[in-house]
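I'm keeping notes on what I looked up here, one item at a time.

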Amino acid sequence: MGQHDNRTFGSAGSAGRAGDADTEADAGAPDAEPGTVEEDGELAALALKILVAGGFGVGKTTLVGAVSEIRPLRTEEQLSEAGELVDDTDGVDHKTTTTVAMDFGRITIRSGLSLYLFGTPGQDRFWFLWDELSTGALGAVVLADTRRLEDCFPAVDYFEHRRIPFVVAVNCFTEARRYGAHDVSRALDLEQGTPVVLCDARDRDSGKEVLIRLVEYAGRVHTARLLDSVGPQAGSG
Amino acid sequence: MNGQWYDAEAGPLVRPYAMTGGRTKPGPHGVRFDLIALVAVDPQGGADEEAESLLGPEHRALLGLCRSETQSVAELAADADLPVGVVRVLLGDLLEGGHVKVSRPVPPAQLPDERILREVIEGLRAL
């Protein structure tokens, strides 16, 4: 247990284990290597990550707050090149980090199984944060407002490009004209099968329904990919 | 942090990375903790009370939070009211000192076990 540094991080730690040549036969199943979290009974807790994206003011914070205990999260981020385009840092030497606030909430399914929701920063200049947020994410909710549908284009593009399963949740603002899910799907030119859900981000049950649809969909997408990856002969078994 | 005479608008009184001695990356192992990596106190990590007494206040605050419950990196940052980047560095110290253990989140390739997802869906319905 003294080797906690190597033990707790499967792949990250394995680089340091020079004497492991004899386990090469297991290379096809890296997750079976000793030291992964799953084998540690005490820490076998599971955390799943869901992102909530969409344009500014579309209700991301409201949705996260409706279904979970919401907390603000601060990150001090290195300004990326993308950020520098926006932030005029001329004459401000060494201004290399910026504070980004985002929302996050936790839903405890049971002891040892939690769902974490992250409201992604709305502004384009924080795109670089998305890469980290989306790593290992179960899926994403793209919140849309039919009066400003174009605001969610970047999020749709992003998740389609990264092949991250997402649902589009149309936040039905009272003053907005109602469109059917099909209209929204067509207007956004969504890939076939991407669910569109009409919701009220303020309403807990409505928010829950959005998340349920996402988890169901993410499961379907994942299963389909697994079948694809094992090839056509998989059907015979 | 209640009753302070300045508010959040004033900005931090201590520059965030002053708490880490200027370090912006967890050291030597260089692991970047995921936001949902889970952190728990490591009773067998080899850190004793003496080692703990040498820790700074932020380190101890984080350790105290982990002690009450296994927490994600994001929760620790929110509860300790520290930027995530700072928490990552401090956690790196705690990990190296044998105070905590940190779980790697499940890699995406093996993510949704159908049984787990069903559990999540039922859990959401029951909320």
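I began in chain B, where B:Val41 has B:Val100 in strand 3 as its bridge partner. Helices and strands in my notes are DSSP runs, H or I over at least four residues for helices and E over at least two for strands, numbered from the N terminus. Before going on, I noted that this is a predicted model, in which local features need pLDDT of at least 70 and side-chain atom pairs count only at pLDDT 80 or more, while totals for chains, interfaces and linings use all residues. Residues are numbered from 1 along each chain as its sequence is written, and chains are lettered from A and ligands numbered from 1 in the order in which they are written.

**Chain B, the sheet.** I checked how strand 1 (residues 38–41) meets strand 3 of chain B: three bridges join them, antiparallel. Pairing here takes at least two DSSP bridges between two strands. I then read off the whole sheet of chain B, which is open, has three strands in the order 2-1-3, and pairs antiparallel. Strand 2 (71–72) and strand 3 (100–102) of chain B are the edges, each pairing on one side only.

**Chain B, the helices on it.** Helix 2 (residues 57–68) of chain B packs on the sheet and touches strand 1, strand 2 and strand 3 of chain B. Contact means C-beta atoms, placed from the backbone, within 7 Å. I got about 90 degrees between the directions of helix 2 and strand 1 of chain B. Axes are lines fitted to C-alpha atoms, for helices over the stretch in contact, with angles from 0 to 180 degrees between N-to-C directions. Helix 4 of chain B lies across strand 1 and strand 3 of chain B, at about 115 degrees to strand 3.

B:Asp81 isn't a glycine, yet its phi is positive, about 55 degrees. I found B:Asp81 in the loop between helix 3 (73–80) and helix 4 (84–96) of chain B. Is B:Asp81 buried or exposed? B:Asp81 is exposed, with 12 other C-beta atoms within 10 Å; the cut-offs are 12 or fewer for exposed, 20 or more for buried, and partly exposed in between, with C-beta atoms placed from the backbone.

**Chain A.** I counted eight helices and seven strands in chain A. Of its 237 residues, 37% are buried. Strand 6 (166–171) of chain A pairs parallel with strand 7 (residues 196–199) of chain A over four bridges.

Key
Contact = placed C-beta atoms within 7 Å.
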